[in-house]
Every structure is written in C-alpha cells, then in structure tokens.
Amino acid sequence: ARGTSKLFFTYGDLDFLKPDIERAIPFYEGLGFPIDRQIVPGAEHCAFDAHGRAVAVFGAFLGE
C-alpha cells in the first residue's frame, strides 16, 4: 500500500520538536517507509527555507 512513498523530515538542530521528530523517524522506518532526513544546523523551529526544501523535493521527483 505504501508503494514508493518516501517521508521527508527537514528540521533545525535547535528545533523544540527535534526530540519528537527523531523518535518518529525510526517508527516510520520500522513500518517500511524510506526516509529522507535533512537537519539544518543552527536553525530553530521553522527558521529555515522550508518552502525551498519542498520545491527541491518536488523538483527532484519531477526530474528537474
């Protein structure tokens, strides 16, 4: 049912949600989801170009 679905986690190493994100990743890996993780050094919650990351992910999917 998952097919080739990949989950993308992009977060800052100072994000207050980092502990929750890092607990979630192995959970989803255990369910068989491939994971793409990008940690932004020195970034707090949403203090990086999240939209740019989304554009890059979709661009790679489309072969751009």
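**Figure 1. A polar contact joins arginine 53 and glutamine 38**. The model shown here is predicted. The side chains of arginine 53 and glutamine 38 meet in a polar contact of 3.0 Å. Arginine 53 sits in helix α2. Is arginine 53 buried or exposed? Its relative accessible area is 17%. The limit for buried is under 20%, so arginine 53 counts as buried. Leaving aside residues up to four places away in sequence, arginine 53 touches Phe8, Thr10, Asp36 and Gln38.

**Figure 2. Nine residues around the largest pocket, among them Arg53**. Arg53 also belongs to the lining of the largest pocket. The volume of this pocket is about 200 Å³. Which residues line the largest pocket? They are Thr4, Lys6, Phe8, Arg53, Ala56, Val57, Phe58, Ala60 and Phe61. Helix α2, residues 50-61, gives the most to this lining, with 6 residues. By type, the lining divides into 6 nonpolar, 1 polar and 2 charged residues. Rolling a probe the size of a water molecule over the atoms shows where empty space is left.

**Figure 3. Phe27, Tyr28 and Phe33 form a cluster through ring pairs**. The count of aromatic pairs comes to 2. A pair of aromatic rings is described by the distance of the centres and the angle of the planes. Take the pair of phenylalanine 27 and tyrosine 28. Their ring centres are 5.2 Å apart, and their planes stand at 80 degrees. Planes over 60 degrees apart count as edge-to-face, so this pair is edge-to-face. Now take tyrosine 28 with phenylalanine 33. Here the centres are 6.0 Å apart and the planes are at 80 degrees, so this pair is edge-to-face too. Tyrosine 28 is partly exposed, with a relative accessible area of 31%. Phenylalanine 33 has 18% relative accessibility, so it counts as buried.

**Figure 4. Cysteine 46 in the loop between β2 and α2**. Strand β2 covers residues 35-40, and cysteine 46 lies in the loop between this strand and helix α2. Is cysteine 46 buried or exposed? Cysteine 46 has 56% relative accessibility, so it counts as exposed. What is the phi of cysteine 46? It is positive, about 60 degrees, although cysteine 46 is not a glycine. Valine 57 is 11 residues from cysteine 46 along the chain. The C-alpha atoms of cysteine 46 and valine 57 are separated by 17 Å. Val57 is also one of the residues that line the largest pocket.

**Figure 5. The protein as a β-α-β-α pattern**. How many helices and strands are there? The protein has 2 helices and 2 strands. Read along the sequence, they follow the pattern β-α-β-α. The C-alpha trace spans about 35 × 30 × 15 Å along its principal axes. Of the 64 residues in the protein, 20% are buried.

Definitions and conventions:
Residues numbered from 1 in each chain as written. Predicted model: local features only at pLDDT ≥ 70, side-chain atom pairs only at ≥ 80, totals over all residues. Heavy atoms only, no water. 1 Å grid on protein atoms, 1.4 Å probe; cavity = no way out; pocket = protein on both sides within 12 Å on 5 of 7 lines; lining within 4 Å. Points joined across faces, edges and corners; volume = space filled by probe spheres on them. Helix = DSSP H or I, 4+ residues; strand = E, 2+ residues; numbered from the N terminus. Nonpolar A, V, L, I, M, F, W, Y, C, P; charged D, E, K, R; others polar. Phe/Tyr/Trp six-rings, centres within 6.5 Å; stacked < 30°, edge-to-face > 60°. Buried < 20%, exposed > 50% of the residue type's maximum accessible area, 1.4 Å probe, protein only. Polar contact = N/O pair within 3.5 Å; in protein donor to acceptor, adjacent residues only side chain to side chain. Contact = heavy atoms within 4.5 Å.
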